[in-house]
Amino acid sequence: TAKMLAEIREEIAFEGVVFGAFFVFLLGGGLFLLRAVRRLGETQALHGALDERLNLIADTIPVRVSITRATDRRVLWANRRWLDYYGLADATIGSFSIRDAYVDPAAHDRLVAELRAQGSVSDFLAQIRDKAGAPHWLTLSARRVRYDDQDAIIVASVDITNLRRAEKAEQRALREMTGVVNAVADGLIGIDAKGVIRLFNPAAEKIFGYTAAEATGRNVSILMPSPFAQEHDGYMANYLRTGVAKVIGKGREVIGRRHDGSTFPMSLVINDVRADGPSGADAEGEFLRVRFIGAVRDITERKQAETALLTAKSQAEIANRAKSDFLAHVTHELRTPLNAILGFADMIRARALGADALDRYAEYGDHIHGSGRSLLKIIDGLLDMTTTEAGRYVLAEETLTLAQIVTPVLDSLRP
């Protein structure tokens, strides 16, 4: 019996040891499995948090981003801006084909072909419709990637529709402004802050004899004679440094120099394109391509007309003085025979020599007759002078003796 009890105790002890060892193994394995499960959960939670953060970043950036399958271009993932643009939800993106949104599907095919050849594409321009069917200009950057163990394409797009509209509006305004500049009759010359010609319209070409290609890029001093050409840069530097305008905004007459070296008078008005200060840069610090605009007009004809007018005025003044002198002489010439006529007529009428002095009165009558003929000759001479001025009278030279001139004068003066 004692032996049997001892054997039973040994068996129980062995089984206890075996059970204890199994229990310890089970407990250790359970703890290991528990740790593994816990780590797996932590990893999944970490991945979930990371996905949330990546999605948050992707939804925040001002760019539309999508990942599409390379084989059929079905959308696998997209950020919020992309979904809002096409009016889609996360659950419906798998049935959406981006190719159908292209205004020109061939543009999509070109993008895919470039990706296959190069692996990545930047600044690809295409028109793509939004959820309302309105076309927008987008610039695309794409790259081939692996996503969920399959070939995919990640595409980032930026809407530049407003930018293109602004560019077109700017180009249209530039064309209109160019048309106006080219149509202006005055020469327009634009220079930068260093005096280099940047604008030279057709009227300026005609005035100075330079083509726009010849003048552009050269200093504006080529249009000035000495010494103004040598002094111009100093004047400009002084204005840009001090802001004191001596000629800016004021019209004046100067001398210009043509391509052939000849000079001519011209009117010039210079204006500063930047009105808020003398610096060569704009408000953003960028130097302006055209800083000063000069309007030029060739006034050669006007100066010639002014000179002709002054000459005509001087000649008219000389003629007026001559006329006054002439009238004074004519008045004297007319008064001389008239005085003789009146004097002899008064003597005859008053019978100043008595009633019997008929011979003397007859002589006085001859004097009256002679004075009358002299007066008639003076009047005829005036008429002849008028005819001569009109170009209808030809003067003829005639030889006279001094007695033929003096004798009638003495007779008219004899009492």
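This is a predicted model: local features need pLDDT of at least 70, side-chain atom pairs count only at pLDDT 80 or more; totals for chains, interfaces and linings use all residues.

Trainee: What makes Trp82 count as buried?
Mentor: Its relative accessibility is 3%, and the label buried applies under 20%, so Trp82 counts as buried.

Trainee: And why is Tyr86 called buried?
Mentor: The reasoning runs the same way: Tyr86 has a relative accessible area of 9%, and the cut-off is 20%, so Tyr86 is buried.

Trainee: Where do Trp82 and Tyr86 lie?
Mentor: Both are in helix α2, four residues apart, which is about one turn of the helix.

Trainee: Why is the pair of Trp82 and Tyr86 called tilted?
Mentor: The ring centres are 4.5 Å apart, and a pair needs centres within 6.5 Å. The planes stand at 50°, while stacked needs under 30 degrees and edge-to-face over 60, so this pair is tilted.

Trainee: How many aromatic pairs does the structure hold, and which residues do ring pairs link into a cluster?
Mentor: There are six aromatic pairs. Ring pairs join Trp82, Tyr85, Tyr86 and Phe96 into a cluster.

Trainee: What makes Phe200 and Phe208 a tilted pair?
Mentor: Their ring centres are 6.3 Å apart, within the 6.5 Å limit. Their planes meet at 45°, which falls between 30 and 60 degrees, so the pair is tilted. Phe200 and Phe208 are both buried, too.

Trainee: How do you know that Arg164 lies over the face of Trp137?
Mentor: Arg164 is at 4.0 Å from the ring centre of Trp137, and the distance limit is 6 Å. There is an angle condition as well, within 35 degrees of the ring normal; Arg164 is listed as lying over the face.

Trainee: Which residues touch the most other members of the largest nonpolar core?
Mentor: Of its 25 residues, they are Trp82, Tyr86, Phe96, Tyr102, Leu111 and Leu140. Elements supplying at least two core residues each include α2 (80–86), α3 (105–118) and β4 (135–147). A second, separate core has 22 residues, among them Ile207, Val220, Leu223 and Tyr239.

Trainee: What does Trp82 touch beyond four places away in sequence?
Mentor: Its contacts are Arg64, Val65, Ser66, Val75, Leu88, Ile93, Phe96 and Ile98.

Trainee: And how much of the protein is buried?
Mentor: Buried residues make up 24% of the 415 residues. The protein has ten helices and ten strands.

How values were computed
Residues are numbered from 1 along each chain as its sequence is written. Side-chain values use heavy atoms; hydrogens and water are left out. A nonpolar core is a set of buried Ala, Val, Leu, Ile, Met, Phe, Trp, Tyr and Cys residues joined through side-chain atoms within 4.5 Å. Buried means under 20% relative accessible area, exposed over 50%, partly exposed in between (1.4 Å probe, protein chains only). Contact means heavy atoms within 4.5 Å.
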